[in-house]
Amino acid sequence: MNSRNRDDAAGGAFAAAVSDGPGRRKPVKADTRVFDSRLEAAHEAASGVRAFCDVLGWSEVELSQIELCVYEAFVNAVEHAYRNEPGHEVRVTAEVDAGFLRVRVCQHGVPLDAARVAATPAGFDDLPSGLDAFDCEPRGRGIRIIKSIMSHCEVESDGDSACLLMAKPLAAQRP
């Protein structure tokens, strides 16, 4: 295995209580794994989040979509933050609280451009029809894919690291 888990002493995903409104407490399930900045690790990171989400009530199609989003975010971190250079940390955290799945893909390399991520539209409807693979822009498809699948996508930064935060309401929380 190429990742390092940061979990409780039991070695699995941990549970903690957080507030879910006045007088109510709801468990939080979370898992953090740290990977080397190699493109080959993207599949392991994405399939790990899929396994984490497997019991949350999504269909196989939705699980595959979530897995794709994590894969795209991880590849973006390796290619853009670290310029395909191995030996750097990519941290992937999946957590459930307050009716949402939140996934963060974090890196310490070249910072994410929050304005560019915010300005990137979801999907591909704004592109001219009749395009083939050679007509599409060479960059930017990953964020479009993520935004078309997840309900929320933004950049979080604490000065030391930058994370792409993706969120989606739990299956049970949707109409």
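## Helices α1 and α2

In this predicted model, helix α1 spans residues 41–53 and helix α2 spans residues 60–81. Two packed helices are described by the angle between their axes and the distance between the axes. For α1 and α2, the axes come within 8 Å and cross at roughly 145°. The crossing of this pair is right-handed.

On the α1 side, the contact is made by Ala41, Ala42, His43, Ala45, Ala46, Ser47, Val49, Arg50 and Cys53. Helix α2 contributes Glu60, Leu63, Ser64, Ile66, Glu67, Val70, Tyr71, Phe74 and Val75. Sorted by class, the contact between α1 and α2 has 12 nonpolar residues, three polar and three charged.

## Aromatic rings

Phe74, one of the α2 residues in the helix contact, also belongs to an aromatic pair with Phe35. One such pair is found when the whole structure is searched. The ring centres of Phe35 and Phe74 are 5.7 Å apart. Their planes stand at 90°, over the 60 degrees that the class requires, so the pair is edge-to-face.

Phe35 lies in strand β3, which runs over residues 25–36, while Phe74 is in helix α2. The two residues are 39 residues apart, and the pair links distant parts of the chain. Both Phe35 and Phe74 are buried.

A further ring, that of Phe52, has a charged neighbour: Lys29 lies over the face of Phe52, at 4.7 Å from the ring centre.

## The chain as a whole

The secondary structure of the protein chain consists of four helices and seven strands. Along the sequence, these elements follow the pattern β-β-β-α-α-β-β-α-α-β-β.

The protein chain has 175 residues, of which 42% count as buried. Among contacts in the chain with a separation of 6 or more, 64% are between residues 24 or more positions apart. The pair of Phe35 and Phe74, at 39 residues apart, is an example of a link between distant parts of the chain.

## Ser161

Where does Ser161 lie? Ser161 is in the loop between β6, residues 152–157, and β7, residues 162–169.

Is Ser161 buried or exposed? Its relative accessibility is 7%, and the cut-off for a buried residue is under 20%, so Ser161 counts as buried. Leaving out residues up to four places away in sequence, Ser161 touches Arg91, Gln107, His108 and Glu156.

Technical notes
Residues are numbered from 1 along each chain as its sequence is written. This is a predicted model: local features need pLDDT of at least 70, side-chain atom pairs count only at pLDDT 80 or more; totals for chains, interfaces and linings use all residues. Side-chain values use heavy atoms; hydrogens and water are left out. Axes are lines fitted to C-alpha atoms, for helices over the stretch in contact, and angles run from 0 to 180 degrees between N-to-C directions. A crossing is left-handed if the near helix is turned anticlockwise from the far one by less than a right angle, and right-handed if clockwise. Contact means heavy atoms within 4.5 Å. Ala, Val, Leu, Ile, Met, Phe, Trp, Tyr, Cys and Pro count as nonpolar, Asp, Glu, Lys and Arg as charged, and the others, Gly among them, as polar. Rings of Phe, Tyr and Trp (its six-membered ring) pair if their centres lie within 6.5 Å; planes under 30 degrees apart count as stacked, over 60 as edge-to-face and the rest as tilted. Buried means under 20% relative accessible area, exposed over 50%, partly exposed in between (1.4 Å probe, protein chains only). A charge sits over a ring if NZ of Lys or CZ of Arg is within 6 Å of the ring centre and within 35 degrees of the ring normal.
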